[in-house]
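The following questions and answers show how structural terms are applied. Each answer sets a value against a definition.

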Amino acid sequence: MVVKFQVFKKSARNDKITLYLTRRDHVDHVTHVDNIEGVLVLDPNYVHSRNVYVQVAVNFRFGREDDESLGYSFVKTMYLHTIQVYPPEKERPTTEIQRNLISKLGNFAFPFSLAFPELSSPSYSLMMGWQDQGSLMGLEYEAMGFVGSNEHDMQERSTARMIVRRLMDCPLSLFDKPPPQKNISRSFLTCTGSVSIEAKLNSQVFYPDENIMVKIELKNNTSREIKRLKVRLWYRGQVPMFQDRQARDRTICKVDDPLNLPPGALTNREFVLVPTVPSKPAHGEVFLQPSMKDEDEPCLAPSTLIAPSIKKRDLFGIYVSYMVRVKATLGTLVGDAILDIPFVLAVQQGS
């Protein structure tokens, strides 16, 4: 039986170093992330007495490329896990694909395995608006192989680089959780009584383009009429490491119901919301899961899930969350009763 396997190849400018990866998509399982595994091929006549390293780096762009001026860059690069592959410091365990590659590529092919940093977020990219040019805010990872006298001696012409993706997976345990349900009771200074809202979703986890059923029970115990009920699918992208907790909020879709609910009345409503990529704005407002090909359909970024041992404020990169917001409006001079129900947006990832 013939076993076929796919690998990804990238050479340095001078063709003296070639990087082979067994895959470019690596799944974040919350508790752990799939390692970057591959083989590096080198030309010993070029390397001589120098060393050869492989490294994973994360590039975090926190501003638009169009806004850069006077030599200021909105990109922060962190060089993370680095290992020396030549001369080999020790014998490394290999996978079947790596062994097959080494047998085909010769004596100067060396296996490696790189780990993603625990405190960094999945790969995200900001949606391109129709007025946008250049690179936008986002986080991407890069696997590199290079020749140098030490791990900081990196020359561009002898460096092979390849973009890889860290993709967020949703643990199966979240699918077993009961559908989220919340309630509030809100009183107001300018009228007597309170407004009670109880809302429930049909699941804890949803996929893009899947219907979200929102069941609402609204009771008006005030002396004023509830004029309107608004239900919206709400997205937030945050950069936790920034001191001001920079956040980007966006309404994905909404339903506006002119209710006119009189004092003492109760009503039950049911709405359907769909988490889908919004129409292209003037400037990017929503984070997407980055694609490797231009022809790929855009996909909303999945919710960021982190291990209990990690604090959100320590996360390097971007934190994405979703919720359904229910708002009952009594008028400009009275105020609103607002109820938020968070949920998880998941995206099907490869194993």
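Q: How do you know that S13 is joined to strand S20, and in which direction do they run?
A: S13 and strand S20 (residues 336–345) are joined by two bridges and run parallel. Two strands pair if DSSP finds at least two bridges between them, so S13 and S20 count as paired. In S20, Val344 is the bridge partner of Val205. The model is a predicted one, in which local features need pLDDT of at least 70, side-chain atom pairs count only at pLDDT 80 or more, and totals for chains, interfaces and linings use all residues. Residues are numbered from 1 along each chain as its sequence is written, and side-chain values use heavy atoms, without hydrogens and water.

Q: Why are strand S13 and strand S16 called edge strands?
A: The open sheet has five strands in the order S13-S20-S19-S15-S16, with mixed pairing. Strand S13 (205–206) and strand S16 (247–257) each pair on one side only, and are the edge strands.

Q: What makes the link between the side chains of Thr82 and Gln55 a polar contact?
A: The distance is 2.7 Å. A polar contact is a pair of N or O atoms within 3.5 Å; within protein, one must be able to donate a hydrogen and the other to accept it, and residues adjacent in sequence count only if both atoms are side-chain atoms. The 2.7 Å pair therefore lies within the 3.5 Å limit. Thr82 itself is found in strand S6 (residues 75–86).

Q: Which residues is Thr82 in contact with, leaving aside its neighbours within four places in sequence?
A: They are Tyr53, Val54, Gln55 and Glu151, where contact means heavy atoms within 4.5 Å.

Terms used
Helices (H or I, at least four residues) and strands (E, at least two) are DSSP runs, numbered from the N terminus.
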